[in-house]
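This briefing is meant for someone meeting the structure for the first time. Please look over the sequence and the model below before reading the points that follow.

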Amino acid sequence: MTFGMPALRQAVVLLAVLASGTAVAAQDGRGRGAPPGGRGAPATAQAAAPIDLTGYWVAVVNEDWRWRMVTPPPGDFPGIPLNPAGQTLAQSWDPATDGSCQAFGAAALLRMPTRLRVTWADENTLQIETDNGRQTRLLRFGDSQAPGTASLQGRSRAEWLRPGGRGRGGRGPRGGGPPAGGTLQVVTTNLSGGWLRRNGVPYSAAATVTEYFDRFPAPDDREWFVVTTVVEDPTYLRNRFVTSSHFRREPDDSGWTPRPCRS
């Protein structure tokens, strides 16, 4: 049976909740953008935010443990739909390059065992920092500027998706009122290429990375988000590579220990 991306994301969130022994609770309203004053939509993505992703989060590695927590040997790439060119390049990986920043590009950064610090860089730019590798991603809402030089983190365009497809692109719900829940969609291009796993499994500069961030609370007052990541690469992949990564909110920055990758 084939699932479309909305159904796949719903299944991922449900499995994450079941794995933590919880049931999805109704949104409690925390982190919602301020209700717009009067009629019309909020002016900024921050004000329109239907979910709160700011704060400190820690990755909970509950799938693909042996490829995420340790560096696999050369040629160990099951589950990744590499084409012949991608397989050849992956098999030529040199273990002496383990720890390279090539493993910390946007296509694989959130698969790392890492902590995140999420803040608003400005009213229309959500910033994600990692302590593992010390990388920074900027998720820009309504961005129409030229992409500039290709890089590990590329150019990320973000928008809020709400039930029923309304309120996209940072808009509030029709008729005013506070945001009522939704998903953050991020599409990243203008990448310089990198690795999908730390053992040199490649993605190219032609890759497109699409992510869906969904937040959910648990009955024990903990909060989680799951990011579903879709990597499409005509150079090294036969078809889409889809993963889900889970993060639990931390109470403070006590676990935040930034450490750089190897350039």
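In this predicted model, nine strands close into a barrel, in the order β1-β2-β3-β5-β6-β7-β10-β11-β12, and their pairing is mixed. Neighbouring strands of this sheet are turned by 30 degrees against each other on average, with direction ignored.

**Strand pairing**

- Strands of a sheet pair through backbone hydrogen bonds, and they may do so in parallel or antiparallel fashion.
- Strand β11 and strand β12, the latter covering residues 241-250, run antiparallel and are joined by eight bridges.

**Nonpolar cores**

- The largest nonpolar core has 22 residues, of which L53, L116, W160, L184, F213, F225 and F247 touch the most other members.
- At least two residues of this core come from each of α2 (45-48), β1 (55-60), β2 (115-122), β3, β5 (136-141), β6 (155-161), β7 (183-189) and β11 (223-232).
- Apart from this core lies another one, made up of 15 residues, with I80, A107, L196 and V201 among them.
- Leaving aside residues up to four places away in sequence, L184 touches I51, L53, L126, L139, F141, A158, E159, W160, E211, Y212 and F213.

- A polar atom of the T130 side chain lies 3.0 Å from the backbone oxygen of N132.
- When residues up to four places away in sequence are not counted, T130 touches L109, T114, R115, L116, Q135 and W256.

**The disulfide**

- A disulfide is a covalent bond between the sulfur atoms of two cysteines.
- The structure holds one disulfide, and this bond joins C101 to C261 with an S to S distance of 1.9 Å.
- The two cysteines link distant parts of the chain, 160 residues apart, since C101 sits in the loop between α4 (84-91) and β2, whereas C261 sits in the segment after β13 (259-260).
- The torsion about the S-S bond of C101 and C261 is about 95 degrees, and the disulfide is therefore right-handed.
- C101 counts as buried at 14% relative accessibility, and C261 likewise counts as buried, at 14% relative accessibility.

Technical notes: Residues are numbered from 1 along each chain as its sequence is written. This is a predicted model: local features need pLDDT of at least 70, side-chain atom pairs count only at pLDDT 80 or more; totals for chains, interfaces and linings use all residues. Side-chain values use heavy atoms; hydrogens and water are left out. A polar contact is a pair of N or O atoms within 3.5 Å; within protein, one must be able to donate a hydrogen and the other to accept it, and residues adjacent in sequence count only if both atoms are side-chain atoms. Contact means heavy atoms within 4.5 Å. A nonpolar core is a set of buried Ala, Val, Leu, Ile, Met, Phe, Trp, Tyr and Cys residues joined through side-chain atoms within 4.5 Å. Buried means under 20% relative accessible area, exposed over 50%, partly exposed in between (1.4 Å probe, protein chains only). Helices (H or I, at least four residues) and strands (E, at least two) are DSSP runs, numbered from the N terminus. Two strands pair if DSSP finds at least two bridges between them. Axes are lines fitted to C-alpha atoms, for helices over the stretch in contact, and angles run from 0 to 180 degrees between N-to-C directions. A disulfide is a pair of cysteine sulfur atoms within 2.5 Å.
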